[in-house]
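Welcome, and please take a moment to look over the model shown here. We will go through it together, one step at a time.

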Amino acid sequence: MASSNNEEESAVKEPLDLIRLSLDERIYVKLRSDRELRGKLHAYDQHLNMILGDVEETITTVEIDDETYEEIVRTTKRNVQYLFVRGDGVILVSPPLRTA
Amino acid sequence: MFKYIAEKLLVLLRDGRKLMGILRSFDQFANVVLESASERVIVGDLYCDIPLGLYVIRGENVVLIGELDLEREELPPHMTRVSAEEIKRAQKAEKDATDLKGSMRKRMEFLDFD
Amino acid sequence: MLFFSYFKDLVGREVTVELKNDLAIRGTLHSVDQYLNIKLENTRVVDQDKYPHMLSVRNCFIRGSVVRYVQLPPEGVDTDLLHDATRREARGG
């Protein structure tokens, strides 16, 4: 075993290695059913189940006006201190660059 | 794993249906055998229990299995029990209203393209 | 295994389980299995008026696959422990 432990820790060989580097960092998660999360990543596994801290959830809903039948797009936000997220709803994970 | 056997339960399915009955067996996939099963149909403040018989439910369709507290009222007091015919009429009226909203929206979209 | 172990340690605490059908249920975590199926006790539905059929449900089994979120109690989260466990799991441990 020539490679040091450090090298092993920082190597990015597969997609989930990038998520490992985001541990204890704030990330952006896009979920199914028009939901987005921003929060600090505290734990994850190979299914992309996660625990996030200081989470802000954004839900985008489209309603149809009863009179004009126009689409009304609404976003609702809420905050949760700690949230377990089931991986099967995750579409993508990213560092929250432009979304500060 | 399961201590609810022989109890009266509520089983919520993924399509939103609500089944009630006595749990006869249950496995690791959440496959369920319900005896004397009935479907509780709720439309607004109206409800009806439609008898179904013996049901085997495939686990992947199960959302939740709830144990009913016999000390508590099953439904809020403002809800009224109606006949199967009446609940079916109410269901159809509700569906027609939703369909109308959808079709009106489509017509409006069509006009937008003119 | 990480989250199975985590939830096992959380047994006895109050959590809010939010399902993919938008139903949210608060209750005491009674047990969890390897599929992350969850059993709650002393449950109450967050938006009771919208779900009248849930009025008399006190204890329930929730299939893991229908869970969207679980809101965790702050005292049940040790971030250092979670970081270590996650790194161990990522190494295939």
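**Where two chains meet**

Let us start with a pair of residues facing each other: A:Leu83 stands opposite C:Gln71, which belongs to strand S5 of chain C. As you look for them, keep in mind that this is a predicted model. The strands around this spot are joined across the two chains, for S5(C) runs antiparallel to strand S4 of chain A, residues 71–85, with three bridges between them.

Now step back to the whole meeting place of these chains. Chain C brings 27 residues to the contact and chain A brings 28 residues. Together they bury an area of about 2400 Å², and 59% of that comes from carbon and sulfur atoms. Polar contacts are found here as well, with ten residue pairs counted between chain C and chain A. Which elements of chain C give two or more residues to the side that touches chain A? They are helix H1 (2–9), strand S5 (67–71) and helix H2 (79–90). Of these, H2(C) supplies the largest share, seven residues.

One to look for links C:Asp22 with A:Arg35, whose closest N and O atoms are 3.1 Å apart.

C:Asp22 has a partner within its own chain too: it forms a salt bridge with C:Arg68, again with a closest N to O distance of 3.1 Å. These two residues are 46 apart in the chain, C:Asp22 lying in the loop between strands S1 (14–19) and S2 (24–32), and C:Arg68 in strand S5. Are they buried or exposed? C:Asp22 is partly exposed, because its relative accessible area is 44%, whereas C:Arg68 counts as buried because its value is 10%. The picture widens from here, as salt bridges with shared partners join A:Arg35, A:Glu57, A:Arg78, C:Glu18, C:Asp22 and C:Arg68 into one network.

Next, turn to A:Asn49, found in the loop between strand S2 (35–44) and strand S3 (50–64) of chain A. Apart from neighbours within four places in sequence, A:Asn49 touches residues of its own chain, including A:Tyr44, A:Phe84 and A:Arg86, and from chain C it touches C:Phe3 and C:Leu36. Its side chain also makes a polar contact with the side chain of A:Asp45, at 3.0 Å.

Finally, there are salt bridges to find elsewhere, the count over all chains being 23. In chain A, A:Arg20 pairs with A:Asp17, their closest N and O atoms 3.5 Å apart. The two residues are separated by about one helical turn, because they sit three residues apart in helix H2 (residues 15–20) of chain A. Both A:Arg20 and A:Asp17 are buried.

B:Arg81 counts as exposed, because its relative accessibility is 52%.

Conventions: Residues are numbered from 1 along each chain as its sequence is written. Chains are lettered from A and ligands numbered from 1 in the order in which they are written. This is a predicted model: local features need pLDDT of at least 70, side-chain atom pairs count only at pLDDT 80 or more; totals for chains, interfaces and linings use all residues. Side-chain values use heavy atoms; hydrogens and water are left out. Contact means heavy atoms within 4.5 Å. Buried area is the accessible area (1.4 Å probe) that two parts lose on being put together, summed over both. A salt bridge is a side-chain nitrogen of Lys or Arg within 4 Å of a carboxyl oxygen of Asp or Glu. A polar contact is a pair of N or O atoms within 3.5 Å; within protein, one must be able to donate a hydrogen and the other to accept it, and residues adjacent in sequence count only if both atoms are side-chain atoms. Helices (H or I, at least four residues) and strands (E, at least two) are DSSP runs, numbered from the N terminus. Two strands pair if DSSP finds at least two bridges between them. Buried means under 20% relative accessible area, exposed over 50%, partly exposed in between (1.4 Å probe, protein chains only).
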